Amino acid sequence: MYIKQLFALVFSLTVLCALANAQAFFQVTGEVGTPLKLNEAEIAKMNRTSVTLTDKDGKDHSYTGVPVLDLLNRAGVTTGKQLHGENLTKYVLVKCADGYAVLFSLAEMDTALSKKTIILATEADNKPIPEGKGPFRLVVPGEGRPARSCFQVVEFIVKFAKD
Ligand SMILES: Nc1nc2c(c(=O)[nH]1)N[C@H]1C(S)=C(S)[C@@H](COP(=O)(O)O)O[C@H]1N2
Ligand SMILES: [Mo]
């Protein structure tokens, strides 16, 4: 009798569950040794550190996540001793799910040259980053405004500026 409706219901629930579990990925592409694509579980297994970010209303928050340098190293990007000569002309374009994008020189992301530790955060004030801002937020300490601390980061594209 109700078998068709039951099937329709089970099917709809399956689709809804699949959508709710939709995996977010973070990628590093371009001038890399090995293109990197990680999901939330893989990022959660990496070394973590915490930094403070002052929000646009002047309030301090603690963000926790993976140092960006570790992600660059995992993708085989030229960092540390390899970051000299023409490699100093490389930049990292950070792309977000909402179309927002920000730019860094590669040197700004390497703590061998820059004293600020930039992280790919997965937690804000010890809680997962809220819906619509996560699951990954770039957190750039020490800037005047948090404009480059972008939400919903999906990709780093590494390129030579001279191209
Ligand atoms: N993906 C994405 N990230 C973004 C933005 C945006 O529009 N999209 N706005 C930026 C700007 S201009 C500011 S000031 C900060 C605001 O962050 P806050 O809400 O933590 O203060 O987010 C930044 N990150
Ligand atoms: Mo802003």
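This is a predicted model: local features need pLDDT of at least 70, side-chain atom pairs count only at pLDDT 80 or more; totals for chains, interfaces and linings use all residues.

Author: Helices (H or I, at least four residues) and strands (E, at least two) are DSSP runs, numbered from the N terminus. Residues are numbered from 1 along each chain as its sequence is written, chains are lettered from A and ligands numbered from 1 in the order in which they are written, and side-chain values use heavy atoms, with hydrogens and water left out.

Reader: What makes the phi of aspartate 125 worth a remark?

Author: Its phi is near 50 degrees, a positive value in a residue other than glycine.

Reader: What is the volume of the largest pocket, and what makes it a pocket?

Author: The volume is about 450 Å³, taken as the space filled by probe spheres set on grid points joined across faces, edges and corners. On a 1 Å grid over the protein atoms alone, a pocket is an open set with protein on both sides within 12 Å along at least five of seven lines, whereas in a cavity a 1.4 Å probe fits but cannot get out; lining residues have an atom within 4 Å of a point. Of the 22 lining residues, Lys56, Tyr63, Lys133, Arg137 and Phe151 are closest to the centre of the largest pocket. β4 (60-67) and β8 (127-128) are the elements that give two or more residues to this lining.

Reader: How do you know which space ligand 1 takes?

Author: A molecule sits in a pocket if more than half of its atoms lie within 2 Å of the grid points. By that test, the space taken by ligand 1 is the largest pocket.

Reader: What makes a contact of ligand 1 with lysine 56, lysine 133 or arginine 137 polar?

Author: For a ligand, the contact is a pair of N or O atoms within 3.5 Å. An oxygen atom of ligand 1 is 2.7 Å from a polar backbone atom of lysine 56. Polar side-chain atoms lie 3.2 Å from a ligand oxygen in lysine 133 and 2.8 Å in arginine 137. These pairs therefore meet the definition.

Note on methods:
A polar contact is a pair of N or O atoms within 3.5 Å; within protein, one must be able to donate a hydrogen and the other to accept it, and residues adjacent in sequence count only if both atoms are side-chain atoms.
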